[in-house]
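Have the model open while you read.

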Amino acid sequence: MFGSILALGAFATSVCGHTIFQEMYVNGVDQGHINGIRVPTYDGPITDVTSNDLICNGGINPYQQPVSTVIINTVAGEPVTAEWHHTLAGADPSDPADPIDPSHKGPVIAYLAKVENATQTDVTGLDWFKIYEDGLTVSDQSWGVDRLIANKGKVTFNLPSCIEAGQYLLRVEIIALHAANSYPGAQFYMECAQLQITGGGSTSPATVSFPGAYSGTDPGIKINIYQTLPSYTNPGPPVFSCSGNSDPAPSSSAPVVSSSSAAPEPSSTSAAPPASSSVSGAGTAQEYAQCGGTLIFDS
């Protein structure tokens, strides 16, 4: 019996599409593996939209790695790319669930929050504004996740050109909707990158909070995707635009960013990494049990 349970767990792990945002490119240049990104060692989802774990994926303790001391230099208005893979080992063409299992259809969304110090451990109470979303293309019923998979785990978008210079957290998120016909069911995958943005202007966008921006009854979170959908409402606020209008949905062809670019020497703080704050994992064990997950410990 125990052996059967282990075998079932191994099978569940192999077929689940867990994923981690683990690499970032600035203007097409690779910033280095996990540099400046708050990555966990576990690739499982969060399903509780009321939990602080939804902010920067803090529900993985005791497997959460220390907060990175690297802050990635960027310029307002330039393109950045987030790269996702099934495990922290990176790209694996032999893995059918890399970068994420194709069944995990849903939107890809990005937010920014201005902070005093991008390496601060406490991420509660921040003010977030949405800068990108790629949901459903109704004409062919394709999703942002489909385009991310076609682009080998990469999604590219521009930082707003009019926001204030300073340090920010970039929260990039995938919402997998394959089990979202009831709540909790939608699976949220997110990590935060630590940015220094220069240039820009003086615009202060309207903001939302996490938790708080999403509800379990939102039509983009509780939904049956196994039908022809006439529309889809991406969760959260409209995409911020420097023009004052909501940005249109992106085209179905995502830009390709080469992963062969040489990694520059990233900027970093001189202080030793602060101790990671303890964040409750309440409400996360159930969703991990659904698929088993993958533990990836440092060697």
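The link of Cys56 and Cys192 is left-handed, with -85° about the S-S bond. This is a predicted model, where local features need pLDDT of at least 70, side-chain atom pairs count only at pLDDT 80 or more, and totals for chains, interfaces and linings use all residues. Residues are numbered from 1 along each chain as its sequence is written, and side-chain values use heavy atoms, with hydrogens and water left out.

Cys56 sits in helix 2 (residues 53-56) and Cys192 in strand 11 (residues 187-198), so their bond ties together parts 136 residues apart in sequence. Helices here are DSSP runs of H or I with at least four residues, strands are runs of E with at least two, and both are numbered from the N terminus. Counting a disulfide as a pair of cysteine sulfur atoms within 2.5 Å, you get two of them:

| Disulfide | S to S | Angle about the S-S bond |
|---|---|---|
| Cys56 to Cys192 | 2.0 Å | -85° |
| Cys162 to Cys242 | 2.1 Å | -90° |

The link of Cys162 and Cys242 is left-handed too. Cys162 lies in the loop between strand 9 (154-158) and strand 10, and Cys242 in the loop between strand 11 and strand 12 (267-268), so this pair joins parts 80 residues apart in sequence.

How covered are these cysteines? Cys56 and Cys192 are both buried, where buried means under 20% relative accessible area, exposed over 50%, and partly exposed in between (1.4 Å probe, protein chains only). Cys162 is buried at 13%, while Cys242 counts as partly exposed at 38%.

Now for the inside. A nonpolar core is a set of buried Ala, Val, Leu, Ile, Met, Phe, Trp, Tyr and Cys residues joined through side-chain atoms within 4.5 Å. The largest has 37 residues, and those with the most contacts inside it include Met24, Trp84 and Leu170. Strand 10 (residues 166-176) gives the most to this core, with five residues. A second, separate core holds 32 residues, among them Ile46, Val123, Ala186 and Ile221.

Leaving aside neighbours within four places in sequence, Leu170 is in contact (heavy atoms within 4.5 Å) with residues including Met24, Phe157 and Cys192. That brings us back to a cysteine of the disulfide with Cys56.

Zooming out, the protein has four helices and 12 strands, and buried residues make up 52% of its 299 residues. Among contacts between residues at least 6 apart in sequence, 81% join residues at least 24 apart.
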